[in-house]
Amino acid sequence: MRYVIIGASAAGCKAAETLRRYAPKSPITVISDEARPLYSRPLLTYVLSGEVAPEKVWLQGEDYFRQWNFEPVLGEPVVRVDPGAHAVQLLGGRVLPYDRLLIASGARPRLLGLKGEELSGVYTLRTLADWQRLTAGLPQAGRVVVVGAGAVGLKAAEALRRRGLEVILVEAAAHPLPLLVDETAAGLLQQALKGMGIELELNVRPAAILGAGGRVQGLALADGRELPCQAVLFSIGVAPNVEFLAGTGLATAEGIIVDHQMGTADPDIFAAGDCAYPYHLLTGKRAGYHIWPAAVAQGRVAGANLAGADLAYDGLLPQNSLSLRGFHIITGGLGPQDAAGCETVSELDERRGDYRSLIFREGKLVGLTLVGAVEEAGIYFQLMAQQVPVTEPVQPGRMWG
């Protein structure tokens with residue numbers, strides 16, 4: 001059997017390693033559009049802030065592919081997959097045949113299609129190349145506007161403040177982390193951001209990027225105001241890398257449709273990671289949720305099933321952990337906007353600044369938000385993952401033990 005894996009990040013590498021254990025002598029080709037993959041994407045904002053040294057970003061040594069007896073094809077994107085011919089075509093024209101194919105091509109940052117996005121000083125932060133470009137182009141002093149107050153946008157904003165830059169965070173919703181937390185948790189977060197010197201612009205959207213001489217000079221907002229700045233960093237989510245599947249019927253705008261075995265509509269093609277569109281553990285519906293642990297878990301299942309195993313992926317369990325200068329927040333499972341028909345039990349300890357909100361459905365924990373005291377998060381995630389019934393409901397006033 002000839003195996004080809006598109007992607008060499010969390011899902012692709014875990015799949016390749018798992019597959020090698022099932023198929024110790026089979027040829028396994030791993031393709032990456034990056035010349036040197038095998039680094040931790042979640043650490044990039046910490047490297048940007050100076051909290052983590054750049055050399056700590058690497059997950060594997062340069063001899064990784066040799067140690068696992070993989071054939072690497074690096075620095076060249078895939079432009080087409082031909083399921084009928086069982087072939088993958090690279091940008092340079094080379095065609096790689098396969099018997100079984102795994103697509104773990106990941107995702108790329110979204111942009112809004114605004115006027116001025118081509119200007120120097122417009123950035124995203126998803127890849128190592130993004131980080132290198134951002135750190136090389138940032139001003140020594142001045143102002144940066146971060147568009148998007150999700151987890152990555154928040155951490156990027158804090159990292160830029162640590163570098164001594166003024167930061168304005170622009171968010172279209174009414175509060176930061178709009179898809180993850182309720183108003184109480186958001187209020188605590190906003191207080192923490194204010195204490196860091198990060199300015200918030202909420203309920204407003206960008207309209208255009210302003211510039212002169214090819215460089216950013218400001219951001220125009222939809223309400224008519226202009227924010228002078230020297231750089232704009234977009235952090236508004238990602239889009240799956242599936243363009244090379246055009247015409248195959250395997251992918252939608254949300255990603256590659258997969259079953260619980262991470263298989264696609266083609267029996268010889270599997271998908272995993274940020275490019276996949278799997279089932280949600282708690283809702284049973286398809287959901288795209290782009291986190292490292294999910295990519296690893298999906299890669300493990302896909303790698304085994306490439307070799308003929310019949311493992312099942314239970315489904316996505318959303319989880320986020322964010323630390324901003326001592327302010328800690330962890331969320332998981334269903335968010336407040338998904339809690340219709342559920343029971344929510346919440347309690348705020350104003351003295352300590354701790355907040356806990358638990359969402360229950362039919363006697364089982366299906367969502368949580370922890371602010372401040374987050375030490376018990378692991379227990380809660382186990383309860384959600386295993387869907388263990390809670391025999392004694394938590395009552396307000398008893399949540400802090």
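1. Start with the aromatics: Y64, F65, W68 and F70 form one aromatic cluster. Rings of Phe, Tyr and Trp (its six-membered ring) are paired here if their centres lie within 6.5 Å, with planes under 30 degrees apart called stacked, over 60 edge-to-face and the rest tilted. By this rule the count comes to four aromatic pairs.

2. A word on what you're looking at. This is a predicted model, where local features need pLDDT of at least 70 and side-chain atom pairs count only at pLDDT 80 or more, while totals for chains, interfaces and linings use all residues. Residues are numbered from 1 along each chain as its sequence is written, and side-chain values use heavy atoms, with hydrogens and water left out.

3. Now Y39 and W58. Their ring centres are 6.1 Å apart and the planes sit at 90 degrees, so this pair is edge-to-face. The pair links distant parts of the chain, 19 residues apart: Y39 is in the loop between β2 (28-32) and α2 (44-49), and W58 is in the loop between α2 and α3 (64-67). (Helices are DSSP runs of H or I, at least four residues; strands are runs of E, at least two; both are numbered from the N terminus.) Y39 is buried, at 3% relative accessible area, whereas W58 is partly exposed at 25%. Buried means under 20% relative accessible area, exposed over 50%, and partly exposed in between (1.4 Å probe, protein chains only).

4. With ring centres 6.0 Å apart and planes at 10 degrees, the pair is stacked. W68 is partly exposed at 22% relative accessibility, but F70 is buried at 6%.

5. Next, have a look at Y3, in strand β1 (residues 3-6). Y3 is buried, with 5% relative accessibility. Leaving out residues up to four places away in sequence, Y3 touches L19, A23, S26, P27, I28, T29, R100, L306 and A307; contact means heavy atoms within 4.5 Å.

6. Finally, the helix pair. The axes of α1 (residues 10-22) and α7 (residues 292-306) come within 7 Å and cross at roughly 30 degrees. Axes are lines fitted to C-alpha atoms, for helices over the stretch in contact, and angles run from 0 to 180 degrees between N-to-C directions. α1 and α7 are therefore roughly parallel to each other (under 35 degrees; over 145 is roughly antiparallel, 65 to 115 roughly perpendicular, the rest oblique). Residues meeting across the contact include K14, T18 and Y22 in α1 and W292, G299 and R300 in α7.
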